[in-house]
Amino acid sequence: MTITARLSALLAAWSVGVVSAFPGQKPDARDLPLSIPSALLSSPLYGAPDNDFSCKSSRNPVVLLHGLSANREVDLNILQNELNGRGYCTFSLTYGAHTIPDWIGGLVDMTKSAVQIADFIREVQSKTGAAKVDIVGHSEGGVQSIYVPMTQAGIAGIVEHVVALGPAIHGATYFGFTEFWYIGGNTTRALVGSILDLVGCPACDQLATDGLITDQFTNSPKIAQPGNKVTIITSTSDTLVPQDVSKIDEPEVDNVSVQTTCPDDRVGHAGLAWDKSVWRLIVNALEEADEEVYPCEQGLPF
């Protein structure tokens, strides 16, 4: 089975598991599937390396942040293994999960997740003894990689490189569906937000146009923090988070399109996490280089 086929199968199993276990706000959670589906556990692409705080490297430790409804065992886990093989010390966590089920991350109020992520970054910096920490985030994790240094005390000062893959800085459009949220103006937009909160995904609302996090970015005089070297990586084929939604127009930010180096790669939003055309850009951002670390490939188109 090809890596593309394996990734497609993994995503299919993950989607079924997430939909069947979506937490909502039920007072009685006895009928929820609490464990991780066996189809996921049996996949060779499932599982992240342990957080080894005794790891030593000449490079900054790297904290990896997964996307919406993912966790540390999927999404950026393959990249994490790859970075370990290249001599990096890497660390990850599942953030923003409900108590039941606890294996679906990135759902709860993003301001609470930001506190959780900030605590983890401090832990990595303290336990490794590193002067600086780097962050690589995908989708919601990409948003948090920029939001946490902007909002959490002391984090910007211990972060050097930030690499965000397809972050919805200016509001996720969800394949254009957010247009229908405004069919009744601000009234229906507020109603959608209430519904998303009711079913257990306030982050889904906060990431969208006019969401809490989006508005904080809009109203902030500066998004990228002093001393942080920020790289935004996007794809022209990303229809979930179009390139303009991710772009940060500030001097310290490098907005990079996958197609600049690999014009034939039509990788989509989810595929950014596993595409070696993207990994090449990530490694170059972390190492402040411009090398053909990996050859171009055709990433997943979704």
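Which residues is F217 in contact with, leaving aside its neighbours within four places in sequence? In this predicted model, local features need pLDDT of at least 70 and side-chain atom pairs count only at pLDDT 80 or more, while totals for chains, interfaces and linings use all residues. Residues are numbered from 1 along each chain as its sequence is written, and side-chain values use heavy atoms, with hydrogens and water left out.

The partners of F217 are V143, I146, Y147, M150, I169 and I223, where contact means heavy atoms within 4.5 Å. F217 also belongs to the largest nonpolar core, which has 51 residues, and is listed with I121, I146 and Y174 among those with the most contacts inside it. Helix α4 (residues 110-128) gives this core its largest share, 7 residues. Another core, of 27 residues, lies apart from it and includes V62, L76, W274 and W279. A nonpolar core is here a set of buried Ala, Val, Leu, Ile, Met, Phe, Trp, Tyr and Cys residues joined through side-chain atoms within 4.5 Å. Buried means under 20% relative accessible area, exposed over 50%, and partly exposed in between (1.4 Å probe, protein chains only).

The next feature to look for is the sheet. An open sheet is formed by 6 strands in the order β2-β1-β3-β4-β5-β6, with parallel pairing. At its edges are β2 (90-92) and β6 (253-257), each of which pairs on one side only. From one strand to the next, the twist averages 20°. Helices (H or I, at least four residues) and strands (E, at least two) are DSSP runs, numbered from the N terminus, and two strands pair if DSSP finds at least two bridges between them. Strand β1 (residues 62-65) pairs with strand β3 (residues 133-138) in the parallel sense over 4 bridges. V62, a member of the core of 27 residues, has D134 as its bridge partner in β3.

Helix α3 (residues 77-85) lies across β1, β2 and β3 and runs at about 160° to β2. Helix α11 (residues 276-287) lies across β1, β3, β4, β5 and β6, at about 165° to β4. For these angles, axes are lines fitted to C-alpha atoms, for helices over the stretch in contact, and values run from 0 to 180 degrees between N-to-C directions.

The structure holds 10 salt bridges, each being a side-chain nitrogen of Lys or Arg within 4 Å of a carboxyl oxygen of Asp or Glu. One of them joins E160 and K229 at 3.1 Å, N to O. Because E160 lies in strand β4 (residues 159-165) and K229 in strand β5 (residues 229-234), the pair ties together parts that are 69 residues apart in sequence. K229 is partly exposed, with a relative accessible area of 36%.

Another salt bridge joins D205 and R189, whose closest N and O atoms are 2.6 Å apart. D205 lies in helix α7 (residues 202-206) and R189 in helix α6 (residues 186-198), so this pair ties together parts that are 16 residues apart in sequence. D205 is buried, with a relative accessible area of 15%, and R189 is buried at 7%. Not counting residues up to four places away in sequence, D205 touches W181, R189, G193, L196 and G211. Finally, R59, R86 and E287 are linked in a network of salt bridges.
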